[in-house]
Amino acid sequence: MSERSRLYYGDNLEVLRLHISDSTVDLIYLDPPFNSDANYNVLFAEQDGSRSAGQIEVFTDSWRWDQAAVRDYQSTVESGGRVADALMAMRTFLGPSDMLAYLSMMAPRLVELRRVLKETGSIYLHCDPTACHYLKMLMDAVFGPEHFRNEIIWKRTTAHNTAKRFGPVHDTILYYSKTNNVL
């Protein structure tokens, strides 16, 4: 069975490192966790279509600066290069924070995604307003600012208004290519 006809279940970092060869992917659309501080489950249905009590936790979308985050950060920093430099600069600015934990989780995944992209490949990273600017800096470190192609604004059909701020009405998609030879 070829790589393109398989479905993998699990941590994408492990799958990328163990199962996806270099320069084999044309296009990546990444919709990572948004640091929503929520748990997401797969809900099952009964035969009649009603909701079942059965469910499996898929992932927890909350990030904390803990020992796992420190390990992720250290691993990326020890690899050296522009990504390590960007993460160290973010630590100087953000301190050991939950946002830094999130970025420390994202950094090695972005590096692996670049590795698997073909020379003509491109990546679209869907992100929310709380992390978009930090993720753009990481993407610049991974792909190079010269390979930034566009910022795409995805307008929502409804806003979530609150009395204390303007309602968020869009998400951002960052579009990068691996090289200047993008299709």
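Q: Which angle do the axes of α1 and α4 cross at?
A: Roughly 35 degrees. This is a predicted model. The axes of α1 (residues 12-19) and α4 (residues 98-116) come within 10 Å.

Q: Left-handed or right-handed crossing?
A: The crossing of α1 and α4 is left-handed.

Q: Which residues make the contact?
A: From α1, Asn12, Leu13, Leu16 and Arg17. From α4, Pro108, Arg109, Glu112, Leu113, Arg115 and Val116.

Q: How many of those are nonpolar, polar and charged?
A: The contact of α1 with α4 has 5 nonpolar residues, 1 polar and 4 charged.

Q: New topic. How much space is in the largest pocket?
A: About 730 Å³.

Q: And which residues sit closest to its centre?
A: Gly10, Asp11, Asn12, Leu30 and Arg109. The lining of the largest pocket has 24 residues. Asn12 and Arg109 also belong to the contact of α1 with α4.

Q: Which helices and strands supply at least two lining residues each?
A: Helices α1 and α4 do, and so do strands β1 (25-30) and β3 (51-61).

Q: How does that lining divide into nonpolar, polar and charged?
A: The lining of the largest pocket has 19 nonpolar residues, 2 polar and 3 charged.

Q: Now serine 23. Where is it?
A: Serine 23 is in the loop between α1 and β1.

Q: What is its phi?
A: Phi of serine 23 is near 50 degrees. That is a positive value in a residue other than glycine. Most residues other than glycine have a negative phi.

Q: What is the relative accessible area of serine 23?
A: It is 33%, so serine 23 counts as partly exposed.

Methods. Residues are numbered from 1 along each chain as its sequence is written. This is a predicted model: local features need pLDDT of at least 70, side-chain atom pairs count only at pLDDT 80 or more; totals for chains, interfaces and linings use all residues. Side-chain values use heavy atoms; hydrogens and water are left out. Axes are lines fitted to C-alpha atoms, for helices over the stretch in contact, and angles run from 0 to 180 degrees between N-to-C directions. Helices (H or I, at least four residues) and strands (E, at least two) are DSSP runs, numbered from the N terminus. A crossing is left-handed if the near helix is turned anticlockwise from the far one by less than a right angle, and right-handed if clockwise. Contact means heavy atoms within 4.5 Å. Ala, Val, Leu, Ile, Met, Phe, Trp, Tyr, Cys and Pro count as nonpolar, Asp, Glu, Lys and Arg as charged, and the others, Gly among them, as polar. On a 1 Å grid over the protein atoms alone, a cavity is a set of points where a 1.4 Å probe fits but cannot get out, and a pocket is an open set with protein on both sides within 12 Å along at least five of seven lines; lining residues have an atom within 4 Å of a point. Grid points are joined across faces, edges and corners, and a volume is the space filled by probe spheres set on the points. Buried means under 20% relative accessible area, exposed over 50%, partly exposed in between (1.4 Å probe, protein chains only).
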